[in-house]
Amino acid sequence: MGQTIICNHPLIQHKLGILRRKDTGAKEFRELVTEIAMLMGYELTKDFPLEEVEIETPMGKAHVKSISGKKVAIVPILRAGLGMVDGFLNLIPAAKVGHIGLYRDPKTFKPVSYYCKMPEDITNRQVIVIDPMIATGGSAIDAVTELKNMGVTNIKVANIIGAPEGIEEFHRVHPDVDIYVCSVDEKLNDNKYIIPGLGDAGDRLFGTK
């Protein structure tokens, strides 16, 4: 069964508190999302396997640890997921980046797919799907379904804030995939926005309405 892992490091929780404030402007909001994503990356990568390799230091030979054959792909759900990309690339600069474009139909609240572009070797990579919010769970569910249909087997999902309804629905559909989240909030409102949440992450990232 997939787990929901809460990233509760004090720095993450402190930055999340600033992120939520309605008077946090777009520039600071983007910087905070990048910082939180990088800190989340430590949690998501802590189970990567290590192997021992021999290197040369200025003083001689040494046996050190190296990540063992773990190629990574970061897959943001457009558009808000773009805000988390740099944070993960700061930590894993060799990662490749795919993109999945989904938007929420304002009447049905269902995700509508409009774009998908992945690295050619996506099936050989540990894929991390990123999006600041998981509300109804629909976008994350569809993104992971699309990746599985391509043959991807190693998938994790990273969200900054989640609603319990969306997380539960995601695990129902994808019981084999873990979700990493900084906060599970109270609920969804009638318009399917997370309460208390932080508003529309995409609008706050890019200064749109």
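Predicted model: local features only at pLDDT ≥ 70, side-chain atom pairs only at ≥ 80, totals over all residues.
We may begin with the pockets. In terms of residue class, the lining of the largest pocket comprises 15 nonpolar, seven polar and six charged residues.

The second largest pocket has a volume of about 210 Å³. Its lining consists of Thr-108, Phe-109, Lys-110, Pro-111, Thr-136, Gly-138, Ile-141, Asp-142, Glu-169, Leu-188 and Lys-192. Helix H4 gives the largest share of this lining, with three residues. Sorted by class, the lining of the second largest pocket holds four nonpolar, three polar and four charged residues.

Helix H1 (residues 10-20) packs against helix H2 (residues 26-44) at an angle of about 155°, and their axes are 10 Å apart. Angles over 145 degrees count as roughly antiparallel, and H1 and H2 are therefore roughly antiparallel to each other. Their crossing is left-handed. On the H1 side, the contact is formed by Leu-11, Ile-12, Lys-15, Leu-16, Ile-18 and Leu-19, while H2 brings Glu-28, Phe-29, Leu-32, Val-33, Glu-35, Ile-36, Leu-39 and Met-40. Eleven nonpolar and three charged residues make up this contact of H1 with H2, with no polar residues.

Helix H2 also packs against helix H3 (residues 82-91), here at an angle of about 50° and with the axes 7 Å apart. That angle makes H2 oblique to H3. The crossing of H2 and H3 is right-handed. From H2, the residues in contact are Val-33, Thr-34, Ala-37, Met-38, Met-40, Gly-41, Tyr-42 and Leu-44; from H3, they are Gly-83, Met-84, Asp-86, Gly-87, Phe-88, Asn-90 and Leu-91. By class, the contact of H2 with H3 has nine nonpolar, five polar and one charged residue. Val-33 and Met-40 of H2 take part in the contact with H1 and also in the contact with H3.

The axes of H4 and helix H5 (residues 164-173) come within 9 Å and cross at roughly 25°. Since angles under 35 degrees count as roughly parallel, H4 and H5 are roughly parallel to each other. Their crossing is right-handed. Ala-140, Ile-141 and Val-144 of H4 meet Glu-169, Phe-170 and Val-173 of H5 in this contact. Five of these residues are nonpolar and one is charged, with no polar residue present. Ile-141 and Glu-169, which belong to the contact of H4 with H5, are also part of the lining of the second largest pocket.

The backbone holds a few features worth a look. Most residues other than glycine have a negative phi, and most peptide bonds are trans. Against that background, a cis peptide bond joins Leu-78 and Arg-79, with omega about 0°.

Lys-192 has a phi near 65°, a positive value in a residue other than glycine. Lys-192 is located in the loop between strand E12 (187-188) and E13, and is among the residues lining the second largest pocket.

Methods:
Residues numbered from 1 in each chain as written. Heavy atoms only, no water. Nonpolar A, V, L, I, M, F, W, Y, C, P; charged D, E, K, R; others polar. 1 Å grid on protein atoms, 1.4 Å probe; cavity = no way out; pocket = protein on both sides within 12 Å on 5 of 7 lines; lining within 4 Å. Points joined across faces, edges and corners; volume = space filled by probe spheres on them. Helix = DSSP H or I, 4+ residues; strand = E, 2+ residues; numbered from the N terminus. Axes fitted to C-alpha atoms, helices over the stretch in contact; angles between N-to-C directions. Parallel < 35°, antiparallel > 145°, perpendicular 65-115°, else oblique. Left-handed = near helix turned anticlockwise from the far one by under 90°. Contact = heavy atoms within 4.5 Å.
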